[in-house]
Amino acid sequence: MNRLSSPAALERARKRILSRRDPDKPCITVCSGTGCHSYGCDKVSAAFVDELAKNDLQGKVDVRRTGCHGFCERGPVVVIVPEEICYLRVKPEDVPEIVSTTLVGKRLVDRLLYVDSNGQKIAHEGDIPFYKRQMRIVLASNRLIDPKSIDDYIALGGYSALAKSLFKMSPEQVLEEVKRANLRGRGGGGFPAGVKWESTRNAPAATKYVIVNADEGDPGAFMDRSLLEGNPHSVLEGLIIGAYAIGSHEGYVYVRQEYPLAVENLSIALSQAREYGLLGEDILGSGFDFDVIVHRGAGAFVSGESSALMTAIEGAVGEPRPKYIHTAVSGIRGQPSNLNNVETWANVPLIINRGSGWFTSIGTAGSKGTKIFALVGKVNNTGLVEVPMGMSLREIIYDIGGGIRQGKKFKAVQTGGPSGGCIPESLLDLPVDFDELTRVGSMMGSGGMIVMDEDNCMVDIARYFTNFLGDESCGKCVSCRMGIGQMIKILDRICQGKGQKGDVELLEELGEVVRDVSLCALGKTAPNPVLSTIKYFRDEYKAHIEQKRCPAGVCKALISYYIQPDKCQGCMICLRSCPVEAITGGKGLVHIVDQKKCTKCGTCLEVCPPRFAAVTRLSGEPIPAAPSLGTKVLRPKGKQQ
Amino acid sequence: MKKVRLNIDGKDVESQEGVTVLEAARSAGINIPTLCYHEKLSPHAACGICTVEISRGGKSRLVLSCIYNVEDGLVVKTQTPRVVKNRKLLMELMLASSPVIADLARQYGVEKPRFEDKITQCVLCGRCVRYCNEVKKANAITFVGRGINRKVAFVDEAVSKGVCLNCRECFGLCPTGKIPRETDTVCFDGLTIQDVLFGKEDKKH
Amino acid sequence: MEIKRRKRSRPKPISTPASDNVGIHPSQVHHKEETNKQLVRKLDGTQEIVDKYGSDKTALIQILLEIQRENRWLPRDALLYVSEKLDVPLSQVYRIATFYTAFSLIPQGRHRVCVCMGTACHVRGSPRLLDLVINALNLSPGETSPDRKFTLSTVNCLGCCALGPVLQVDSEYHGNPSAEDVKKIVAGCD
């Protein structure tokens, strides 16, 4: 492909690509995102290629490995276009049947279709409730394109926003459009991107930098990963448009090294864009020069903080700088630097093409557009969802997420990662909105949405996050390092049954100094998980401290497993399964847990046949005395001994 | 340099652009307590003791005076209840791991810490690291690790070549006295990077 | 022990330790006994990596990442070389090497066993999975078995939350394995 030296050349290229493609030609799209990767989608696509060749169909049907479709719970996901027939949990063994039944026989393979709660089978992807309630605009192209193919992106109109910006708009006009759209940062801060761009643009310096923050350190979040793996060009196009608006000619993409596929697909995208004249010198013949360097992270959550990230790019250790001087004014090597999250950049081409008016028609007064969430945890439909701002948490968790797994009771949803908080059931109708989430003690964050049920202990969750922060803090500030350190000790104590009166108040006091004195956003928001769980689940803390009881049955030091002698049928299953051989008994003899040996792993409760249900988990109450060894079991009436 | 007028603890102070609140206060004879700060070294802003409360246009917040630059019209208060409370808690936290600073802590009203911590006698003020890297340029001592496990350690090569024994200039800077106490004239016995990496903890306290 | 080097236009190492084993952890003593050839080969790899980045000191983290990937750890000699070639103080190299979890300053095992401790996996019971793996391998997170077969580590979010809790062994992912499954997986590693 020749270098594209004008918008007209880009348009001609697009037409040329489309002319070579038959829109009616069947194509088997196989989701090749992270989740499906772990399910073995590689083998599935290879099986399709093989099977098509066996049936002499390789010229008549395409196979395309696409970006993440989002329905991670049901992967590997296969969608046959143009009919949009969606098959879920596809294994390599299913492939011959799909080819012969659907591609050749034009019939559906019923057993691979989605079944809704009424038992109805749904064939088309767009009709599946998980997708129907979403508004996939940033993720729209993920399922349609091969991320390693720039032609796929161009065929869908890719880089037309860039052409429009460079040739039909001035940098100031691009900036104004983004400001009018009120695009707020999707990385967690929610700061208006247009305002940040303007500060960088107005800062007096010749050299300016633009940066994509793809560190995505929040555990349980994989939105940016899916965007970079599935549609890297959309992020790149947004970045180049931003660079043009700001007056920058050098950009960085900081990707965490735990995302090798994202690094790979991004690198391919960059070299393809350079080849096509869409990156580098004289982009599209506009005279605008801009290029990008990829910098990999090395395993530090705090280096995802914008000033720390810039320090890491400079080659020094990635510790945050005080925010008194904004990095928009003095960032990398003291030069004005504009940093935005992956999802923020990916929104830019859409705003340029469809207009700020369209963008502001979506969402709430203060939060425009859509947000991508990684909906995970105890929810039925785990996956990546994109919804308009303003949709309620209830709709997301129940209508899209399909409610709580195994019919359990909802307890809380955690948003904002380690900087966020837990939201209880009473607030489920809260609209997803930057300011609303902050108002209740959490925050939007980067998009992790972790659903918890009755079997999750909120004190344990607070401890989990605080431990995470203790490891990930850079450790410079006494308030953060020692403050969090002591909060961890108190939470450990509480979970070990050694909680003391005044511990909750001490946690609140420590939380205050950590928040007030620490220099960076990690430290300032570190107390949030603890403070929000104290606010909404104080009774759980009280139970742990005063009654030495863990209501959810999680904290090992506060639980015991006990086999009820009147229910045990002596089947030996738990005895054999116990990893530390803590259960004694025999066939037909009551099994007894040796409390001294027991490691509280819960295997016995898990394996005890439901019809016996002899194993119980106790907390906060004394363990009944064990029967003597060799006691025979009580058979139910009517059964022989 | 542009002149700046601010108010510290009710006193009008004139200063210049680019000067920190701490420096401006000291020039005006107002004492803001510090611990990790040292005039010869770049500000580290780690201990938090120099916290002050600033307000401008009705909004107030806490900032670290050793790195916050003066602004025209800034109102600074160095002893508000919130500031004093935070300073006290910080001293309490530091005292828990460094009992040797008991006298200093008493000045903040802290007698016995409510916390327990491993005794390291090091608050990671960074004075030694900064001095060695910025002034002496010997780069013999640095921070290792991260988060609650962050420590200060000597580079083995410097130790074995006798660089530190011949210098000892960081000894006088150490606020807890850990560095001078752990050495003697015969052999240098501080914590080296290899000690830290392989779990050989402080040899003597 | 003097490390004999082939004739090359390369700078001498910064210093030689005052005694044989100053700063060498017992687990590294085995390494010191490697043949000169192997050590020299390791350093060759390091030199290539440094040259690829044009000895640019701002690329220090990227260079260390590649050395780590090549060797499965950061050999001390490599760090000394990097410090000299990039003109970055050794203290700074160590600061970076100990700050980031991607780096290991002791040799790692052939098989990387990783338990995801991301929030979604935690909520689905990853602490219990970690206990099972600790039992099966007889290692704590961060440790490498004496025969250098396994290294056990934890990671925050592998991005396959639907499988959670997730155990990753080399490039294979296992969702919610039972105690039996874990034993089988470990036994299946050569």
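This section describes the domains, helix packing, chain contacts and local backbone features of a predicted model.

The domain assignment divides chain A into domain 1 (7-133), domain 2 (158-360), domain 3 (370-453), domain 4 (458-546) and domain 5 (559-619). Between domain 2 and domain 3 of chain A, the C-alpha centres are separated by 27 Å. To this contact domain 2 of chain A gives 14 residues and domain 3 of chain A gives 17 residues. On the side of domain 2 of chain A that touches domain 3 of chain A, 3 residues are nonpolar, 6 are polar and 5 are charged.

After α8(A) comes A:Asn182, which has a positive phi near 55°.

Of these partners, α9(A) has an axis that comes within 7 Å of that of α8(A), with a crossing angle of roughly 150°. The two helices are therefore roughly antiparallel, as this angle is over 145 degrees. From α8(A), the residues in this contact are A:Leu175, A:Val178 and A:Lys179, while α9(A) contributes A:Ala193, A:Gly194, A:Val195, A:Trp197, A:Glu198 and A:Arg201. Taken by class, the contact of α8(A) with α9(A) comprises 5 nonpolar, 1 polar and 3 charged residues.

A further pair is formed by helix α11 (residues 232-246) and helix α14 (residues 342-354) of chain A, whose axes come within 7 Å and cross at roughly 75°. This angle falls in the range of 65 to 115 degrees, so α11(A) is roughly perpendicular to α14(A). On the α11(A) side the contact involves A:Ser234, A:Val235, A:Glu237, A:Gly238, A:Leu239, A:Ile241 and A:Gly242. These meet A:Val342, A:Trp345, A:Ala346, A:Asn347, A:Val348, A:Pro349 and A:Ile352 of α14(A). In this contact of α11(A) with α14(A), 9 residues are nonpolar, 4 are polar and 1 is charged.

Chain B contains 8 helices and 7 strands. Of its 205 residues, 46% are buried. Among contacts in chain B with a separation of 6 or more, 49% link residues 24 or more positions apart. The domain assignment gives chain B domain 1 (3-79) and domain 2 (127-197), and the C-alpha centres of these domains lie 31 Å apart. Domain 1 of chain B and domain 2 of chain B each provide 7 residues to the contact. On the side of domain 1 of chain B that touches domain 2 of chain B, there are 3 nonpolar residues, 3 polar residues and 1 charged residue.

Chain C touches chain A through 34 residues, which are in contact with 40 residues of chain A. On the chain C side, the elements giving two or more residues are α3 (60-71), α5 (90-99), α6 (119-123) and α7 (126-137). This side of chain C divides into 20 nonpolar, 9 polar and 5 charged residues.

Several local backbone features occur in loops of chains A and C. In chain A, the peptide bond between A:Val81 and A:Pro82 is cis, with omega about 5°; A:Pro82 belongs to the loop between β3 (78-81) and β4 (85-87). In chain C, a cis peptide bond with omega about 0° connects C:Gly164 to C:Pro165, and C:Pro165 is placed in the loop between β2 (150-155) and β3 (166-169).

Positive phi values are found in A:Met572, near 75°, and in C:Ser55, near 50°. A:Met572 is located in the loop between β16 (559-563) and α23 (573-577) of chain A, and is partly exposed because it has 15 C-beta neighbours inside 10 Å. C:Ser55 occupies the loop between α2 (36-52) and α3 of chain C; with 14 other C-beta atoms within 10 Å, C:Ser55 is likewise partly exposed.

Notes:
Residues are numbered from 1 along each chain as its sequence is written. Chains are lettered from A and ligands numbered from 1 in the order in which they are written. This is a predicted model: local features need pLDDT of at least 70, side-chain atom pairs count only at pLDDT 80 or more; totals for chains, interfaces and linings use all residues. Two residues are in contact if their C-beta atoms, placed from the backbone, lie within 7 Å. Helices (H or I, at least four residues) and strands (E, at least two) are DSSP runs, numbered from the N terminus. Ala, Val, Leu, Ile, Met, Phe, Trp, Tyr, Cys and Pro count as nonpolar, Asp, Glu, Lys and Arg as charged, and the others, Gly among them, as polar. A residue is buried if 20 or more other C-beta atoms lie within 10 Å of its own, exposed if 12 or fewer, and partly exposed in between; C-beta atoms are placed from the backbone. Axes are lines fitted to C-alpha atoms, for helices over the stretch in contact, and angles run from 0 to 180 degrees between N-to-C directions. Angles under 35 degrees count as roughly parallel, over 145 as roughly antiparallel, 65 to 115 as roughly perpendicular and the rest as oblique. Domain bounds come from an automatic or database domain assignment.
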